[in-house]
Amino acid sequence: MLGSIKGRYIRLEVIGGINLQAPSERIPAGVYVSINLDSSSRWKSATRVLSSDKSVAWADDVTLCLDASPALSVKIRASFELDRMLGNGELVGELETSWDALLDHGHEPFDISFPPIRGVHPSLTLKATVLHSCDNQDSALLDSIVECQITQDTDAGHAQFAKYVASTTVSHLNDAVQHFQLVLDQCPVSHPDRAAALTNLTWARLQGYIRKDIEDIDSITSLFREALALRPQGHPDHPLSLYHLLKALIWRFSKETFNAAYIHESAQLSRKLLPLCPEGTYLRGIAANGVDYVIRECNKLPIETSDEYICLRQIVLELCPLGNEHRPKSLDTLAWAIRSRFEQCGSIDDLDECIQRGREAVSLCSEGHSGRDSYLNNLGYSILSRFDHQGDPDDLEEAISLYEEALSLRPVGHNSRHFSLDNLAVAVVPRFKLRGDVNDITRAINLHREALTLRPPGDRYRDCTLNNLAFALQTRHDKLDVSEDLNEAIDLYRDSLQVKQFADPERHKSLHNLSAALCSRYTQTHKSEEVEEAIQVCQESLKALPSLHPARYLSYMRLQQAYLSRYRVQHNLADLSLAVENFRLASQHPTQGFPRRIPEAINWARQAELYRHDSTLEAYQTCLELFDNHVTKRSTIISRREAATAVRGAQSLPVDAASYAARCNDLVRAVELLEHGRGQQWSLASRLRTPLEDLKSASPELAQKLSEINKRLSDAQGSAGSADRGAADKAAIQYRRLQEQWGAVVTEIRNLEGFSRFLLPPLYEDLQAAARHGPVIILIASQYLCSAIIVPTSGEPHHVPLPSITLTELNNLKGRFARALRNASTLGPKVPRNDLIVLLRTVWDEIMLPVVNVLQHVLKLKFNSRIWLCPTAAFTSIPLHSAHPFRTNVNCSGKEACLEDLYICSYTPTLSALIRSREMMKRRAPPSFVAIGQGQPGTGKSKALLAVDSEIELVRKLVPMTVNRTTISGNAATRAGALQALQEDTWVHLACHGKQDQTQPYNSHFVMRDGPLTLLDIMEKDIPNAEFAFLSACHTAVGDEETPDEVIHLAAGLQFSGFKSVIGTLWEVDDAVAKHVVEAFYENMFEDGVMDCTKAAWALNRATHAVKTKVPLEQRMVFIHIGV
């Protein structure tokens, strides 16, 4: 047949190949096909990358003239360079054939098979076609087969190396190394083939090292590094050079006692390598196997807290994308490392990241997964750590739930059951402290005892369980006074310390606990050796802990307990000074969480008060600052209040601090401390609405930056946390980071001239602006002394001690008022309210008369002047404005004047709130009035208020005709309708049911047709043009029992949102008689036809006087004025 086509042209297509592998088992950079036509010429296909299944798709073709020999040779070669190729590569397969054989298949593709490699035949798919005509330009340009010495040596090296791999004969390896060394000798530093020559030589030597035929691994890794340096990122052969070095390091790690440095570098190389290996390529598959080994070995490394180690863990996680079998383990190990760093450094960011990683690990392990119990246990540990640091009870409950699930997966006989028993018990103890449920502490002790049986003498974890059991017993002793528990606890602590190594990083825990137990026993026995030992073990723990270790807080705390205990027995003032110094160190330790530091600062203040130490004021100041920082970090409005109520004794801090300053005659400081500590919820919220006009003039850029962060914080804070704990964590992290940005910007602003006090707690000279139109009387209800401080329009404040009433008596008075009001509601309108009269006389004699004497005789305040009452704590529940002597004058010239006969009374939650309202008065809008009435709230919501419609109509008629008036009632008085009206109208009258939620005051609400209009709804609105609101509804101006000094009620919420003047109510309103007060109020308010919200207090005063004969006493007293 050849004779008939001689001189003609044939198109040969190389379509693809399968089972293509190098005999040397080396990974090729690519594979090509060579058609040798005779001894002097050949054609080479393109070099293609090998696929993961060892196949190649070439789709390459050549047009050849058949003037040559009828025989030809087809070769498959593996190239180890994608860039410039050194030599011809390693021979994969060679087949001698003829054109006749190729053309026998017609025009159809066909396969040709090559000799087997490790039992598998490589093959090619070809197609040969005779061309009837051909332009000479289409014919192939053939290579001339002229081999230089470098090529010959390289090819000989490949051939010898393949023989070594197949036979393990070391002489072949030596021959290969010799040939490759000759090539390298001919490729000096600047030679373009040096990287390839280095790689060939080093790869052969690496295989010899793996097979223990060569030992010099140092030079092998060094040469691979040199080759990699010659092939930087972007070089076609960079990925393969990365792989070669990775392979060398992996083998070095496995052979040299698992030196972690090599696996660290292997992980870094893996992170660089994988993205450079396209999916589906052979290199990707081989590299993935190497990376898989790196991941497994990294996950076996002991946990460290160094930044380098955590960086390694993060790299390993990057190597485990979603779907990777090692991702859960890598997440868990990273979480553990970060948590360990938190335990050393105390950064909440570490703890939050650790929990996020732990949550993902658990989410990737559904029920039945072999590692789920461990991941649940570790996540529980992290969340319990956050509870210890942040004090969120939701964290405690979640940790217990996770531990219980882990325990359920570790039944009796499971080799990790002892971990779950011990950990669950550790979590249940703080719940006992919070709730006082004896079942919790009993369960904790039982769990620890069971764990101890599973950790017999010699067990590496026995010391931990001994310590934990002792702590549980000590806790039961402290709470329930079970005397035998304390002695057993001390014995167990000693046992734990005997078992622990002196260098054990957890040793300090047992030392701290032993110190506390010894102190506790010393208070009973007064044996000096016990308190001496308590001090000594704490000092030992301090020596072992770095200066910023969070646990140093515990050392300081236990030391102050020891010194204070000894002072109480021995009365040595040096011990008191040492106790105070350790109070100071503990409460100010920067890496410990606020929920631990705040109680320590409170205890400091209490003890300093008790023993009259000169650090008392410093202690109170520290308390308030810590408390402010703690609450600020919470991301939701409700969680801030929860944080405020969670710390025992914190609620009375502002009044006690002010009382102490007043007793020291530092009245200016007393006012400042009180303002700093009270109304904190409103102060925090108002920061985000601070007017920035002055700042814009000084620094427009900072003003814009702060405004943007304020907006983002406001949007992020929300009213309540998400039910999804993971989502709640993310929201809290986002909020905290925004807070950090906010703090950084505020710091910049304070560096500006004239802004050094920007958003800091105000000084007295700023606060005195609240008294611009009349004195502010602050009523302080402290356990140490009840008194009043009068802030005058100018000059220094005045202190008015109230020696006739104590805090206990004030609380009794509050209870008597509640009973008298309930009784009054059952009486007819004409029946005298004798109980209330007696109580109001007490309020006059013991509280308000001493204040009035100063107003009249010291300040010379004129009759009918305005005064503002600012009650604190228990005073907030007393109707101070209604104080009345109910007596005739001594000379029988008439009745003695009551407070409202003498002055026009208003209330203010804080001085800052009044100042803010006055500032906002500068922005006035044309007045518009809306009357909102909802007397029929819907079936089952509340009883009908039959007088509401007539009240709304009455109000509408009394509003000046010149004002734009709107009425919303019946079906139109919905939550959305009322909220829109509050935003659009400057004056509002609201007649409906009001509900004060005592357990969660932010849920206090007005009852609308379709649902509640809550305090949270109102707080979220910024209504700067609003002026006046009359809240003709029950309980709109009374706070909750737990946080009275936060003044969280509906009237305060409207004032915060922008209403400068508000009429609210202290208790239940009788709508049938309230309309008389409403009518008299608006008649006085609009007597001159002018809409002036600053007249509201005067109008209310006149109205309550005017309706004395129509309205019972308690229904006149119920209305109070708040604001300007």
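The contact between them takes in 24 residues from domain 3 and 21 residues from domain 4, where contact means heavy atoms within 4.5 Å.

Before moving on, a word about the model. It is predicted, so local features need pLDDT of at least 70 and side-chain atom pairs count only at pLDDT 80 or more, while totals for chains, interfaces and linings use all residues. Residues are numbered from 1 along each chain as its sequence is written, and side-chain values use heavy atoms, with hydrogens and water left out.

**The interface of domain 3 and domain 4**

Show the surfaces here. Domain 3 and domain 4 bury about 1,700 Å² between them, 56% of it on carbon and sulfur atoms; buried area is the accessible area (1.4 Å probe) that two parts lose on being put together, summed over both.

Next, select E1114 and R833. They form a salt bridge, with the closest N and O atoms 2.9 Å apart. The rule asks for a side-chain nitrogen of Lys or Arg within 4 Å of a carboxyl oxygen of Asp or Glu, and it finds 1 salt bridge across this interface.

Which elements give two or more residues to the side of domain 3 that touches domain 4? Select α33 (807-824), α34 (834-857), β13 (866-871) and α35 (899-902). Helices (H or I, at least four residues) and strands (E, at least two) are DSSP runs, numbered from the N terminus. The largest share of that side, 4 residues, comes from α33.

**Two stops elsewhere**

Now pick D307 and R341, whose side chains meet in a salt bridge (2.8 Å, N to O). D307 sits in helix α10 (residues 307-318) and R341 in helix α11 (residues 327-345), 34 residues apart. The count for the structure comes to 50 salt bridges.

Finally, zoom to Y620 and Y660, an aromatic pair that is tilted: 6.4 Å centre to centre, with 45 degrees between the planes. Rings of Phe, Tyr and Trp (its six-membered ring) pair if their centres lie within 6.5 Å; planes under 30 degrees apart count as stacked, over 60 as edge-to-face and the rest as tilted.
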